[in-house]
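Open the model in your viewer and keep the selection panel at hand. The tour goes stop by stop.

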Amino acid sequence: MTRLFQKFRAAVLPLTLGALAATGFQPLGLWPVTLACLAGLITLAEHQSGRWRAFLVGWLFGVGHFTVGNGWIATAFTYQANMPAWLGWIAVVLLSLYLAVFPALAAMGAWIAARRWKAAMVPAFTACWIITEWLRSWAFSGFAWNPLGVVTLGGFARPGLAALAPWLGTYALSGLVALLAGQWLFAARAWDKGQNMAAAAYAALPALLFLMPVSGHGEQGSLPYTLVQPDLQQDQINDPRLFEGQFQRIAALSLAHDPKQPRLVLWPESAVPDYLQPGYDPYWYAQTTYAGDPDMARARIGRVIGPNALLLTGAVDLAMDRRRQVTGAWNVITALDGQGTIRGSYAKAHLVPYGEYLPMRDILGPLGLSRLVAGQLDFFAGPGPRTMDFGTYGKAGFQICYEIIFSGQVVDRAHRPDYIFNPSNDGWFGSWGPPQHLAQARLRAIEEGLPVLRATTTGISAVIDADGVVRQHVGRNMAGRLDGMVPPAHAATLFARTGNALPLAWATVLLVIALVARRKPVG
């Protein structure tokens, strides 16, 4: 019984450290807790008797970390009727069991690299964390939500330590967090040895870096915009009886103050219930606001935005086979001018598994599983980042909803845009998901040196400049509009030119440092 209790206690500690480490993410922002818990993980991994024990410690840490950090996913299950809502927390835990493999690999890799040489542990752990976080972003289609580097962001008015992202990339910024956690570990060891001055110096450096008063440049742009947040609640957004009232709400928030002035109008994902493309069977148009006539639907939108405006809005296009039978759908951004003419379209590339499509539908469907987005048609993936040149309205890059979380995968590097438009429906995400989503959009702005314009159904909508400063925003569960000038882009950053080769290069440097440190045993 005593041995069983000891094993239980040994498992609870890394689980607890992982769960507490997630409080450094938004909306809590308790970065000191994250540093302390990460230092605890490094210590636990270092003192294990074998690589697989180090793996287990890292895995338990990850289970706690991702269960708390991704808890908002459970809320999504309350907005659909095909599966019981309680399945949401089971889904969160199951996802965490998988995601925990990545910190487990980091802990095991660090243990192997630093075996018998404690001085190598922190640089080895940091390098392994960078590599495994990068792996998490693309393995099995990738789930990059909440990289550790997010905790470096300051308040809306300042980027904080995240200002280093152009020279590091997000995953190396996460590595910097691990390094600073190592500093606190060194502080604890110095304190144990009675080296109080050294302990104070080690402890103070991370705090000073996190609190440094870095702010943006604040340049003004020249392209006017109107960004709309209509506050379409998730439990109402798919009710056809409410489509017309929802459209009227968006329309009222979009009217021009000066119809003669050219402007960019930005609507969120899920903003338009109409099918805007022509050529579908009348059955599909009959389910929308302007039943049966996509031409009239587009013309009405054109009248709302005015003759000198360009609208970028979330919409849905249908995919058809050669017999013109509908086989699926595309989650798209449609560009529409004041005459109701479609000027371009972008299809979402990073789809949400189980959200927008059901993997292995032939197997999982009969078991009662379904995707969370309403309807039976699976969404198809688009080709990836795209830039469209709209002349007066600038060169626009596009990322729909959670696509914005994938560092290094949001911009067509051969055709750099002037800004990124990120429409989203965050009504699924509870109270923790939207601020986390916004924080990751800020990281994309900083590392790419591009402004990000976020229009969401229920919040948080925001205009983020190229320094990651939130110039304007509309809070959660509020209807509102933002008017201003699109902030200017910076010159292409080092990360914008190199992509994720940059953080991987930093990981290589740290591995070399760890190998050098291996040659200097520390008792």
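Buried means under 20% relative accessible area, exposed means over 50%, and partly exposed lies in between (1.4 Å probe, protein chains only). This is a predicted model: local features need pLDDT of at least 70, side-chain atom pairs count only at pLDDT 80 or more, and totals for chains, interfaces and linings use all residues. Residues are numbered from 1 along each chain as its sequence is written, and side-chain values use heavy atoms, with hydrogens and water left out.

**Stop 1**

Select Glu244 and Arg300. Their side chains meet in a salt bridge, 2.8 Å from N to O. The term stands for a side-chain nitrogen of Lys or Arg within 4 Å of a carboxyl oxygen of Asp or Glu. The pair links distant parts of the chain, 56 residues apart. Glu244 sits in helix H11 (residues 243-254), and Arg300 sits in helix H13 (residues 294-305). Helices here are DSSP runs (H or I, at least four residues), numbered from the N terminus. Arg300 is buried, at 8%.

**Stop 2: two further salt bridges**

How many salt bridges does the structure hold? The count is 10. Select Arg444 and Glu447 for another one, at 2.7 Å from N to O. Both residues belong to helix H15 (residues 433-448). They are three residues apart there, so about one helical turn separates them. Glu447 is buried, with 0% relative accessibility. Arg444 is buried too, with a value of 0%.

Next, select Asp465 and Arg471. They form a salt bridge whose closest N and O atoms are 2.9 Å apart. Asp465 is buried, at 2% relative accessibility. Arg471 is partly exposed, at 28%.

**Stop 3**

Two packed helices are described by the angle between their axes and the distance between the axes. Axes are lines fitted to C-alpha atoms, for helices over the stretch in contact, and angles run from 0 to 180 degrees between N-to-C directions.

Color H2 (residues 31-46) and H3 (residues 51-69). Their axes come within 9 Å and cross at roughly 160°. That makes H2 roughly antiparallel to H3, a label for angles over 145 degrees. H2 passes H3 in a right-handed crossing, where the near helix is turned clockwise from the far one by less than a right angle.

Phe55 is buried, at 19% relative accessibility.

**Stop 4: a nonpolar surface patch**

Select Trp86, Ile90, Val93, Leu94 and Leu97. They form a nonpolar patch on the surface, with about 470 Å² of accessible area together. Patches take residues with over 30% relative accessible area and no salt bridge; nonpolar side chains (Val, Leu, Ile, Met, Phe, Trp, Tyr) are joined within 5 Å, like charges within 9 Å. Areas come from the Shrake-Rupley method with a 1.4 Å probe; for residues, only the protein chains shown count as cover.

End on Val93. Where does Val93 lie? Val93 is in helix H5 (residues 87-99). It is partly exposed, with a relative accessible area of 35%.

How values were computed: Helices (H or I, at least four residues) and strands (E, at least two) are DSSP runs, numbered from the N terminus. Angles under 35 degrees count as roughly parallel, over 145 as roughly antiparallel, 65 to 115 as roughly perpendicular and the rest as oblique.
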